[in-house]
Amino acid sequence: MSETKLFGTNGIRGLVNVELTPEMAVKVGCAIGTFFGRKNLLLGYDARTSGPMLAKAVISGLTATECNVFFAGMAPTPALQYAVKNHKMDGGVIITASHNPPEYNGIKVIWSDGIETSHEQEAEIENVYFNNKTVFAGWDKLGMAQELLGINDEYVQAIKNHVDPQEIAEKHFHVVVDAANSVGGLTAPPLLRELGCKVTTLNANIDGTFPGRLPEPRPENLTDLSSTVKAIGADLGVAFDGDADRSVFVDENGVIYSGDKTFAVIIKPFLIKNPGSKIVTPVSSSTLIKDTVEAYKGELILTKVGSVTVSQKMKELNAKLGGEENGGVFYGPHQAVRDGAMTTALILNIMAETGEKLSKLVAEQPQYFIEKGKIDCPDEKKEILLQKILEQVKGENISTIDGVKIWFSDNSAILIRPSGTEPVFRLYAEAKNEEKALKLVEDYSSQLKKILETI
Ligand code: MG
């Protein structure tokens, strides 16, 4: 962690007791409490072994700075976000490292609307933290800490309001849930059972060492889910990340889909029912999303990469649907944040309404091949390299929202983006065939290297 920054893309993250220590957590709690100032905050954690230790430290800092803490215990990030709004809290704090391995933990700060704090708000918290601007309460003004139980159940009930439980129940779906030994197991199995599904669970016991699989729902971590769905003849499989805001789906044949494919499955009926709606997605998303939004007469809104940016754009435009390639779907009528259990209910609702298997719903989509690459680039040269690329691609169909994305007339595209955390430029290409996608990565990589030699 740097000398001036605490927050990364999604909150504060670090190795437990190495980067993220109890002392630091107390100080972070003090900074968050000073930022909010005498407010009511909800706090909870995911299944990590360090959750209780860090939570107590953060609560200590929050109550020392006059905030009242309502402690919700173990819960998925979206359940806490929902509860912040539902209980009219002024904000919240979630102790989670999302998809990172078990030795990590982190701290996310939630605003009263349930959305993670903006980068500007994070900078205010950092200012308190690094410049020792904590405002301590007098001994007679300390905040109170008390429990607030039952938020997971409230969240499950709220999701049911956005789908047709009877229609889903009539289909008697059999769903396999891989909960990553974390908080997704607290809400998704009960939700699916209440929707009349037969549920088989994998890694549903809470265990902060994550013995079942790593909490990032990447295909290489989901082989058990894939083979189980196929072996027992289930209709669907779903895997969550460590804090259950993202969900990745497996069809009845055990095929694992990237998040953009399942997001497109959700976009189609949404636009049929809500014509002309705005669909929000980062510029890194597949052209499949653009195609689907255009085909069903929606309006595509592109943002910088990052879930907080998607949430905030949805709020700003009052957009009702957003999504990311990594399995994050934002369903505005419920809440404008990534929500794994809500996404699962939406997929089942679509399968029930259409009577189609997930494989069929995905098969009707246009197909793209994706290739990724990266080239080394020192941090100090990133901006000038980006400028030079922009000069070269003038006149083409481009977006400069985040890095530079170029769309070509044959429906291929490439995104060239400086990494926020490493001294590299990343390239993401996609095309209708594998060779073209590979060629795009190769061509632009060598072009970038050539420019780099001159600067
Ligand atoms: Mg997550």
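User: How many Å separate the centres of domain 2 and domain 4?

Analyst: This is a predicted model, in which local features need pLDDT of at least 70 and side-chain atom pairs count only at pLDDT 80 or more, while totals for chains, interfaces and linings use all residues. Residues are numbered from 1 along each chain as its sequence is written, and side-chain values use heavy atoms, with hydrogens and water left out. Domain bounds come from an automatic or database domain assignment. Here that assignment divides the protein chain into domain 1 (12–149), domain 2 (154–250), domain 3 (259–339 + 356–363) and domain 4 (369–454). Taken over C-alpha atoms, the centres of domain 2 and domain 4 are 36 Å apart.

User: How is a metal site read, and which residues coordinate the magnesium ion?

Analyst: Donors are N, O and S atoms within 2.8 Å of the metal (3.2 Å for Na, K and Ca); water is not among the atoms, so sites may look incomplete. In this model the magnesium ion is coordinated by Ser98 through OG, and by Asp241, Asp243 and Asp245 through OD, at 2.0 to 2.2 Å. The spacing of these donor residues in sequence is S-x142-D-x1-D-x1-D.

User: Are Asp241 and Asp243 buried or exposed?

Analyst: A residue is buried under 20% relative accessible area, exposed over 50%, and partly exposed in between (1.4 Å probe, protein chains only). Asp241 and Asp243 are both buried.

User: How many cavities of 30 Å³ or more are there, and which residues lie nearest the centre of the largest cavity?

Analyst: On a 1 Å grid over the protein atoms alone, a cavity is a set of points where a 1.4 Å probe fits but cannot get out, and its lining residues have an atom within 4 Å of a point. Grid points are joined across faces, edges and corners, and a volume is the space filled by probe spheres set on the points. The count by this rule is 2 cavities of 30 Å³ or more. The largest cavity holds about 80 Å³ of space. Its lining has 13 residues, and Gln81, Glu116, Ser307, Val337 and Arg338 are the ones nearest the centre. Helix H3 (77–86) and helix H11 (307–317) are the elements that give two or more residues to this lining, and H11 has the largest share, with 3 residues. Helices (H or I, at least four residues) and strands (E, at least two) are DSSP runs, numbered from the N terminus. Domain 1 (12–149) and domain 3 (259–339 + 356–363) each contribute at least three residues to the lining of the largest cavity.

User: What is the make-up by class of the lining of the largest cavity, and which element gives the most to the lining of the second largest cavity?

Analyst: Ala, Val, Leu, Ile, Met, Phe, Trp, Tyr, Cys and Pro count as nonpolar, Asp, Glu, Lys and Arg as charged, and the others, Gly among them, as polar. The lining of the largest cavity has 4 nonpolar, 5 polar and 4 charged residues. The second largest cavity holds about 50 Å³, and its lining has 6 nonpolar, 4 polar and 2 charged residues. Among the residues that line the second largest cavity are Thr281, Ile289, Leu300 and Trp407. Strand E11 (278–282), helix H10 (287–295), strand E12 (299–303) and strand E17 (404–407) each supply at least two residues, and H10 gives the most, with 3.

User: Which values of phi do Asn17 and Lys297 have?

Analyst: Phi of Asn17 is near 65 degrees, a positive value in a residue other than glycine. Asn17 belongs to the loop between strand E1 (12–15) and helix H1 (22–36), and is partly exposed at 48% relative accessible area. Lys297, also not a glycine, has a positive phi of about 60 degrees. Lys297 sits in the loop between H10 and E12 and is exposed, with a relative accessible area of 63%.

Terms used. 1 Å grid on protein atoms, 1.4 Å probe; cavity = no way out; pocket = protein on both sides within 12 Å on 5 of 7 lines; lining within 4 Å.
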